[in-house]
Amino acid sequence: MQLTTIIYIVIAFILGAIIAFFLKKGGKNNENDLRITELTNENSTLKSKLSEVESKVKSASHDSTKAIDDVKAKYEALLKEANEQSEKLDKQLLLSAKQQISSVTLLDDSIKDQLADVEKLKRKIKDLEDDLEEKEDDVDDLKKKIRNKDTDISDLQDSLVKEQKISKELKDELASVKQTLEEKIDELRLKMGSLDFIQEILSAREISTADTNKLNKNIDFFESFVKGQFTDLNAYLYSTYKLTWNNIEGKAGFENKRTYFHNAFDQWASTKRKSWLDGKTTIAFVGEFSAGKTSIVNRILSQDNPNIPQLPVSTKATTAIPTYIAGGSTVSYSFISGDGKRKTILEDTFKKVSKDILDQVKGVSSLIKYFVMTYKNPNLNGLSILDTPGFNSNDSEDRERTIDVINECDALFWVFDVNAGTVNRSSISIIKEKLNKPLYVVINKVDTKADSEVQKVENLIKKTLSDAGLQVQQFIKFSSKAPLTSIMNPIKGVNKITTRDTFVSDVRTDLEQLLGILDEAVKSSNQSYDNARQEGDNITNQFIDCIKALQEDCEIAYNIPQFREGTKIFGIGTDDKFVMTPHQGEHLKDLLQQIADDRIQDLAQKFDEQVEKAAEIQREWSDLCDLKAAWKKINDCFEQYKKVSKNIE
C-alpha cells in the first residue's frame, strides 16, 4: 500500500473521530474528558503506527534500492508534512475540546430536552413497532390471500386464453361464413341478373318488316343461285373447257373462283342484310383489355364536341360481345340472334351485359351473335364502327364470332397501350391466318411516356409485326390530348371493299364474259366443223376421182385383147380366143400393174382419209353441239340470274 494512501486513511480516521465527537449527544463532562484522553491516546497510537509503517518502508526489497530511496525521500517529505499536520490537529483538538467543554454546559439543558423527546420517540417507536407487527400479520394474511388470488387469476387467465382462442376460432369461422355468404349472395345476384337477362333476351321482339322479309327472301334466292346453278355451271365449264381464273387453269382454277365468289357472296349478303353496314365504310377496333378502345371511339363519335353525346356503351358490354355502332334516326339497341334474326331490346337490358353475367350463360353464342346500337350522330354518316372484345377469349366460339364480324369490315385498327410494351403473339397468329384486312396500329396513351420511350415501343411493335410477316398500313400515335385529325385522317383514307357493293353486278359480268367466251368458241367450232365438212367433201370428190380413174384403166385394159373366132380346117374347128400384139400385152400389163399398185392404193388412202375426216367431222359436230349446249346453259343461267337479281341490285 502506498504511503499517500496510508496518510489519507489516517487523516480520514482523525476527521471521523472529530465528527463523531461533535455528534455525540447526551454525554457528561467527565465523559468528555475521558474522550479527549482517548483521542490523545489514539493520536499517539497513530504516531506509533506511522513509525511502524516507516519501518516497513525501510525494510522494502533490496533489489529496488533506487526506487526505495525515491519513495523514502517522498515518504520523509510526506511524513514531515503529516507531522506538521498532526501538530496542527493537536492544537486544534485542544482548542476545540476547550470550546466544547464550555459549550457542554449550554448544551446540557438542550440535551435533556432532546432526551425527553427521544423517550417520547422511543415510546412512539414502540407503539409503531407493535402496530407494525400487527400490520405484518395483516400483510401475511393479505399475501396469503394474494397468493390465492394469484392462483385464481392464473386459472382465470388460462380460461381467458382458452376462451380467447375459442373466440378467435369462432370469429374466423364467422368471417369465413360471412365471406361465403357474401360470395353466395354475389353468385345469386349474378344468377338472378343472368336469369333476368336471359328472360329479356328470349322475350325480345323481332324487328321484322315486309321489306326486310322480302329482301332476306330475295337474298336467299340469290344465294341458292350463286352457290347452286352458278357454281355448278362454272364447275362444268372449267373442267370441260379448261378455262382459267387468275391464271389458274381447269379444276384448280374453278376451286379458286368458287372460293372467291362464295366468300364475296357471304360478305355481300351479310352487308346487304345489315342496314347499319350497307353502303358504309366499316372500321373494326380491337385491342387488349384497358387499351383504350372505347375512349378512342367516343372521341370519334363526339369529334370533341361536348354537345354530342358520348357512346352510351359500358366497357363491360363492349368487351363481352362485339358491338356495332352506326348512325340512325333514333337511338336503338338490338342484337342478332343465333338464327340470324334481329331483335330489339331496352337500353337497360343492353347495359346489363357484362362478362360476369355472360359467364353464367352457357352457349351464349346460340342466343347472341353481336349487338347493334344506333343513334343520331352526324359523325357516323357513311361510317360504321365495330367495337370488339379482342382475340384473347378462352371461348373458341367467342373468338370465331369476333373473327367473322371483323372479316365484314374494311379495315382493322389494332389499339396498343403504350404502357404495356408487348404484343400478343396469339393475336398476331389469328390476324395473319384468318384476317386479310388492311391493318392500322394505334399506339394509345402516348402522353403518359416520354417521346423516347414511345419511340422504343413503336420500334418494338414494328419489328415484332415485321418478323411475323404482317404489313401495317400506318402507325398512329394517339392520346386524349392528341389532335383528332391524327385518327380521323387514317379512317377517312380507308378504301371501302367494293365487292360488297358490286357483287351482284360482278356475277352478271362474269356470266356475260362466259357467254362471250362460249360465243367465240361456238363460232370457232362452227367454222372448224364447216372446214372439216368441206375437207370431207373434197376427200369424197378425190375418192370418186380415184374410182373413175380405176374405171378408166379397167375399160382400157378391157379393150386391149381382141376377140377372134376359131377357123375350121378339113371340117375340124378351133376354139375362139382373144389375141393381142406384144405391145398391147405390155400395155395391158402396165395397166394392171398401175391398177394393182397405184389406183388401189390411192383409193384405199382416200377411203382412209374419208373415214378419218368423217370422224373428225363427227367430233367437230359433237364439240359444236356441246358448245351450243354449254352456251345454252350459260344463257339459261344468265336468264335465271336476271330473275333472282332484279329485286336486289
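Q: In which segment does Asn 647 lie?
A: This is a predicted model, in which local features need pLDDT of at least 70 and side-chain atom pairs count only at pLDDT 80 or more, while totals for chains, interfaces and linings use all residues. Residues are numbered from 1 along each chain as its sequence is written, and side-chain values use heavy atoms, with hydrogens and water left out. Helices (H or I, at least four residues) and strands (E, at least two) are DSSP runs that are numbered from the N terminus. On that numbering, Asn 647 lies in the segment after H15.

Q: Does Asn 647 count as buried, partly exposed or exposed?
A: A residue is buried under 20% relative accessible area and exposed over 50%, and it is partly exposed in between, as judged with a 1.4 Å probe on protein chains only. The relative accessibility of Asn 647 is 45%, so this residue counts as partly exposed.

Q: How far apart in space are Asn 647 and Asn 218, C-alpha to C-alpha?
A: Along the sequence, Asn 647 and Asn 218 are separated by 429 residues. In space, however, the distance from C-alpha to C-alpha is 7.1 Å.

Q: How are H4 and H15 oriented to each other?
A: Helix H4 covers residues 210-241, and it packs with H15 at an angle of about 165°, with the two axes 10 Å apart. Axes are lines fitted to C-alpha atoms, for helices over the stretch in contact, and angles run from 0 to 180 degrees between N-to-C directions. Angles under 35 degrees count as roughly parallel, over 145 as roughly antiparallel, 65 to 115 as roughly perpendicular and the rest as oblique. H4 and H15 are therefore roughly antiparallel.

Q: Which glutamate in helix H15 is about one helical turn from Lys 613?
A: Lys 613 also takes part in a salt bridge of 2.8 Å, N to O, with Glu 616. The two residues are 3 apart in helix H15, which means about one helical turn between Lys 613 and Glu 616.

Q: What is the distance between the closest N and O atoms of Lys 456 and Glu 453?
A: Both residues belong to helix H12 (residues 451-467), where they are 3 residues apart. Lys 456 is exposed, at 54% relative accessible area, whereas Glu 453 is partly exposed, at 34%. They form a salt bridge in which the closest N and O atoms are separated by 3.7 Å.

Q: At what angle do the ring planes of Phe 225 and Phe 230 lie?
A: Rings of Phe, Tyr and Trp (its six-membered ring) pair if their centres lie within 6.5 Å, and planes under 30 degrees apart count as stacked, over 60 as edge-to-face and the rest as tilted. A search of the whole structure finds 25 aromatic pairs. Phe 225 and Phe 230 have ring centres 6.2 Å apart and form a tilted pair, because their planes lie at 40°.

Q: Which strand holds Phe 413?
A: The rings of Phe 285 and Phe 413 form a tilted pair, with centres 5.5 Å apart and planes at 40°. This pair links distant parts of the chain, 128 residues apart, with Phe 285 in strand S4 (residues 281-287) and Phe 413 in strand S10 (residues 411-417). Phe 285 is buried at 0% relative accessible area, and another buried residue, also at 0%, is Phe 413, which is in strand S10.

Q: Which lysine lies over the face of Tyr 236?
A: A charge sits over a ring if NZ of Lys or CZ of Arg is within 6 Å of the ring centre and within 35 degrees of the ring normal. Over the face of Tyr 236, at 3.9 Å from the ring centre, lies Lys 633.

Technical notes:
A salt bridge is a side-chain nitrogen of Lys or Arg within 4 Å of a carboxyl oxygen of Asp or Glu.
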